[in-house]
Amino acid sequence: MSPTSIFAPVSTPADSIFELSMFVLAVTAGIFVVVFGLLVYAVVRFRRRRDDDGSEPPQVYGSYEVELAWTIVPVLIVVALFLATARVIASVQHPPKPKDALDVVVIGHQYWWEYRYPKFGVVSANELHVPVSDPAHPTPTFLTLLSADTDHSFWVPRLAGKTDLIPNHPNSMWIDPRETGLYLGQCAQYCGTQHAKMLLRVYVDSREDFDRWIEAQRRPARADAAVARGRQVFETTACVNCHAVGGTNANGRFGPDLSHFMSRDTLAAGAAPNTPENLRLWLRNPDAIKPGSLMPAMQLSDEDVNAVADYLESLR
Amino acid sequence: MTTASVAWTDTDVAPRPLVERLHEWVTTVDHKRLGVLYIVYALVFLVIGGIEAMIMRIQLIAAHTDFVSPQVFNRMFTMHGTTMIFFVAMPLVFGFANYMVPLMIGARDMAFPRLNAFSFWLTAFGGLLLYFSFLGGSGLYGAGNAPDVGWFAYAPLTAKTFSPGHSTDYWTLALLVSGFGSIGTAINILTTILCMRCPGMTLGRMPLLAWLSLTMAVLVILAVSPLSAAQIMLLVDRYLGGHFFDTQAGGSAVMWMHFFWVFGHPEVYVLVIPAFAFASEIIPVFSRKPIFGYPVMVAATVCIGFISMSVWAHHMFTVGMSPAGNGFFVLSTMAIAVPTGIKIFNWLATMWGGKIQFRTPMLFCTAFLFQFLIAGLTGIMLGSAPLDWHLGNSYFVVAHFHYVIVGAILFTVFAAFYYWFPKFSGRLYSETLGRLHFWLFFIGFHLTFDCMHIPGLLGMPRRIYTYEPGRGWDTWNLLVTIGVVFQGLGTLVFVGNLIWSYFKGERAGNDPWDAWTLEWSTESPPPAYNFATLPVVRSRRPLWDLKHPEDPDWKYEQ
């Protein structure tokens, strides 16, 4: 089973689209069977026979009655499809918003995702955590979609349809996943060289797990004397121009916030698992993992790479 | 009559210096020669665009392939899309319209022969500009590079910040220049049809191809103008400090989308209406019956032309329009299915009760009916906005529009090639090779584009140079790539057939299909002046009236 199939919805917007798609599929399949049947019949029945005498068939020029019939029937089908569609548009685009809904601001950047939880003061990247929503007491998540540079699109097929992130044009969407787990997706609007590896990971946590995650993210970054050298390298090179680590002088905004770097399973917007080897490779030569990403190769010595990697691995 | 035409042809091909013959082609203002130039030009670019598609398909044959870099892949899909739309599909429909319209309405040339030549050379120059970007895209240093902004070039990716260098400028200028060429040709076709018809050919007696070319020409004028305006605005943004689309200075990315799609959707009909035109000429001849419901076919076409101007934002269901906006474009998009359905039913009714001869053109037209039916139905799915929130920008939409552009347009263009090849060249094509081409291409087409729908349903977005394993996309992508091989072989057979038949094919005579429209009343290939004496017509099928004086059409037509 594909983890990104649109036929396995676990959230209300995806459910509504799924139901509509079944209706549309049934109608179009019906039309297909009828018209294709007529075509096959015509091809078989009205082929010129081998023993044809060469005479012309009766010349028929048309019939307004027949034309009227095959105009009115499609009009009725179109009206039915339109009404069914309009109902789903209204329900997905104008949802009720309960008081305990979670708000997350999603900011698309060239080839990574920034997630901000304004109510909690949490800033994270690339791996979105949301609470599961009990259908009896829905706790949906409302996403405000912004872009820092080019157009992007947020598409996690099992949770909802896609909505674009466009600079100067704030959008919104919502999800209320009813099952915990990891849901995958990726950027669905061409945004530049590494559009392909701008992957989406949405972790739907139980209420307790989500609260624990938020608690951990709210704490300032850990300061560990054992990795002081790595921290010093990090803070005295260009790393800090793009990356932020809470509670230090690193406050760059172009790249992902690294305050709780080790709470993430993947590197480079899902391009590789977050392992010590991958992290060192990423620091040495980002193009090896994600060619064209905006992270530069920092030309650090092996010693410094290890020190910085140790420092980053201490940021839990 | 046949002997006379052979004698004429033989004296005409008496060897003359190559330079002299080339010079004639470059300076020609004859609508038939310009038509052939358009078509040959399009075929060259068809091969180039096809190679670009093959490069992409090799890259996507499996997850995490390293055949090309992401940069090259992005250039390939940009160049493939731009080439196929602007330098293959448009020149093909213009080429056929140029060649056929004056012959079918009994005129001796287009209304403005010099404008015709000028428009062709503008288009030709546009294509060269686009491809020069491979050499000059980055200025003087480096190997240059082609545009990589996608064929609809969404802002702000085209801004100087995100597209430094000149590759995007070549894209812009190529479309601007060829756009002026398109508008020139459209004005020419429009004027020719309105002013140059032979005696007796009222609007209601024109061949459907003329009516559909008329609609196409109006759409070109209405659609290409906003595109050209947008290209000029983009140039102003990039070089004169304008901020139309520069979001970093308060410009609007959404406005570019509106400009582009207000061109982009009518453009689909600019291309598919000529496809309808070919089918509407070929299906009756090989079914041995007149087109069913001529006035309704004309009305449906004009209706499609009108509605197609009001559906553009169905390309924008995911950009955050209001529910009312989405609702309007759902309704207008679905409304267009009604006149389109009428056309399909009329083609079927034309075949109904006929004696259908499955020569190669008819094979392609039958496949067109089948494939256009499916393309229409997936179009209804995509027109339902909530489904589009999933399927838009996924491989499903890529499969859908290739079903239209290849399955409907290219298939009928192939049909038109085989149908009119005897008229163009004076010789018959090889029926065996034609059938081989059909079956190879039919199998390849379905392998590629049927399978391409599935990864879209499984969450695969378009324009990604590689993808993750384990998402259920691998097998489908492998099948899609295998299909390309069959299409490539089919195309080779087609080109081989054209070349072989041009030199070695049987003499065709004036009217090999026993057809009914005026182009078949003159020699093959037609002389420079088309008709020695201007024909006079009394019905929509003048040659039927000639061949059946006891039972002429004008006694019965609706």
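The legends below describe close-up views of a predicted model.

**View 1. Overall form of chain A.** Chain A contains 8 helices and 12 strands. Its radius of gyration is 27 Å, well over the 20 Å that the globule rule gives for 316 residues, so chain A is more spread out than a compact globule. The C-alpha trace of chain A spans about 95 × 50 × 35 Å along its principal axes. Of the 316 residues in chain A, 54% are buried.

**View 2. The aromatic pair A:W113 and A:F154.** Over all chains, the structure holds 76 aromatic pairs. One of them joins A:W113 and A:F154 in an edge-to-face arrangement, with 5.7 Å centre to centre and 85 degrees between the planes. A:W113 belongs to strand β2 (residues 112–117) of chain A and A:F154 to strand β6 (residues 152–154) of chain A, so the contact ties together parts that are 41 residues apart in sequence. Buried residues are those under 20% relative accessible area. A:W113 has 0% relative accessibility and therefore counts as buried. A:F154 also counts as buried, because its relative accessibility is 1%.

**View 3. Arginine over phenylalanine in chain B.** B:R463 lies over the face of B:F152. The distance from B:R463 to the ring centre of B:F152 is 4.2 Å.

**View 4. Arginine over tryptophan in chain B.** Here the ring belongs to B:W544, and the charged end of B:R541 sits over it. The charged end of B:R541 is 4.3 Å from the centre of that ring.

**View 5. The largest cavity.** The structure has 5 cavities of 30 Å³ or more. A volume of about 240 Å³ is found for the largest cavity.

**View 6. Make-up of the cavity lining.** Helix α8 (residues 253–287) of chain B gives the largest share of the lining of the largest cavity, with 4 residues. By residue class, the lining of the largest cavity divides into 11 nonpolar, 2 polar and 6 charged residues.

Notes:
Residues are numbered from 1 along each chain as its sequence is written. Chains are lettered from A and ligands numbered from 1 in the order in which they are written. This is a predicted model: local features need pLDDT of at least 70, side-chain atom pairs count only at pLDDT 80 or more; totals for chains, interfaces and linings use all residues. Side-chain values use heavy atoms; hydrogens and water are left out. Rings of Phe, Tyr and Trp (its six-membered ring) pair if their centres lie within 6.5 Å; planes under 30 degrees apart count as stacked, over 60 as edge-to-face and the rest as tilted. Helices (H or I, at least four residues) and strands (E, at least two) are DSSP runs, numbered from the N terminus. Buried means under 20% relative accessible area, exposed over 50%, partly exposed in between (1.4 Å probe, protein chains only). A charge sits over a ring if NZ of Lys or CZ of Arg is within 6 Å of the ring centre and within 35 degrees of the ring normal. On a 1 Å grid over the protein atoms alone, a cavity is a set of points where a 1.4 Å probe fits but cannot get out, and a pocket is an open set with protein on both sides within 12 Å along at least five of seven lines; lining residues have an atom within 4 Å of a point. Grid points are joined across faces, edges and corners, and a volume is the space filled by probe spheres set on the points. Ala, Val, Leu, Ile, Met, Phe, Trp, Tyr, Cys and Pro count as nonpolar, Asp, Glu, Lys and Arg as charged, and the others, Gly among them, as polar. The radius of gyration is taken over C-alpha atoms; the globule rule is 2.2 Å times the number of residues to the power 0.38.
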